[in-house]
Each structure stands twice: as structure tokens, then as C-alpha cells.
Amino acid sequence: MFRTKSKKGIACLLAVVITALMLPISVFAAEYDQGIDVTADDYTDREGYTWDSATNTLTLTNVTLTGEGTGKGILLPQGEVTIVLEGENIIQGFAEGLAQKSSSSTKGNSLEIKGSGSLTVSQCNYMSSGSFEDVTVDGAKLVGDNTN
């Protein structure tokens, strides 16, 4: 059957796998010292978030965005936009957590936040400054903390 060295090797491998599984999921979160601007000409998907321009859908997966008290955590285009949350997502330290690109009217600007994950917006002056006409939260956990 197995030799003693093989058993020790398998035992070591199992120990490493078990240890990795015991780490909190947040250890594997992508952290960025900037916001996400899906309206920028040079926007690109990165680890933890993707933008589908065909459906105006931003998917966040265990992302932490950290600002320096200014700017926007996430800047979205005008119209109907969806954010899908997977895992724990955090926006902190921006002037505004979520915003849509400036327009003279909020008419037709809607935001749907859905998914099995959560979004915490903290240490921001505003969660959103009112650039959305309608906001719907479906199944996701949304937390705001204005302790700036």
C-alpha cells in the first residue's frame, strides 16, 4: 500500500488544505485604494469586479474600496443600472459611496442592488447624494454608516 513517506506527504498536504479552508473569506478579498468608474474610457475589469456594458450590470465579489475622503466609491452611467453583490463588499472613505454620472435630471436613473452578498458603505459623506430616481434592494444586505 502506502509507504511511510507517502503517508507523511499526504498528511502535510491535508494540513495545508485544512488550514487554508479555515481562513476567513475576507483574507481573499480584493482591496483597492481607489473607486470604480465604469464610465471612464480606460475602465477595465479587475479582480473582484466586472462591468457588463450590454446590461449595465456591475458585479462585486469581496471587494474593499478605500478613498481619502473625496471622490466617489462607484461611479455608474445614467439610466437603469444593476449591482450584483457576491460575498462581503465595502466602500469606505469617499465623499460619496454610490453615484451616477452627472445630469441635470434624475429622471429614468434607477439602481437595483441584488445578490446573496452584502455592501457596507462607511466613512462617506453620503451613501448616495440622490442621483437615483428609484433604488431597489432585492435579497442583498445593504448597510450604511455615516461616521465620517
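Predicted model: local features only at pLDDT ≥ 70, side-chain atom pairs only at ≥ 80, totals over all residues.
Residues are numbered from 1 along each chain as its sequence is written, and side-chain values use heavy atoms, with hydrogens and water left out.

Let me start with the overall picture. The protein has one helix and 13 strands, where helices (H or I, at least four residues) and strands (E, at least two) are DSSP runs numbered from the N terminus. Of its 148 residues, 34% count as buried, and buried here means under 20% relative accessible area, with exposed meaning over 50% and partly exposed in between, for a 1.4 Å probe and protein chains only.

Three strands form an open sheet in the order 2-6-9, with parallel pairing, where two strands pair if DSSP finds at least two bridges between them. Its edge strands are strand 2 (36-37) and strand 9, each pairing on one side only. Strand 2 is joined to strand 6 (residues 72-76) by two bridges, and Ile 36 has Ile 74 as its bridge partner in strand 6.

Asn 109 lies between strand 9 (96-100) and strand 10 (110-115), and Asn 109 counts as buried because its relative accessible area is 2%. Its side chain makes a polar contact of 2.7 Å with that of Gln 78; such a contact is a pair of N or O atoms within 3.5 Å, and within protein one must be able to donate a hydrogen and the other to accept it, while residues adjacent in sequence count only if both atoms are side-chain atoms. Not counting residues up to four places away in sequence, Asn 109 also touches others, including Gly 79, Gln 100 and Phe 132.

Thr 64, in strand 5 (residues 63-66), is likewise buried, at 11% relative accessibility. Leaving aside neighbours within four places in sequence, the contacts of Thr 64 are Ala 30, Glu 31, Tyr 32, Ile 90 and Gln 92.

Finally, the surface. Leu 142 lies in strand 13 (residues 141-145) and is partly exposed, with a relative accessible area of 31%.

Technical notes
Contact = heavy atoms within 4.5 Å.
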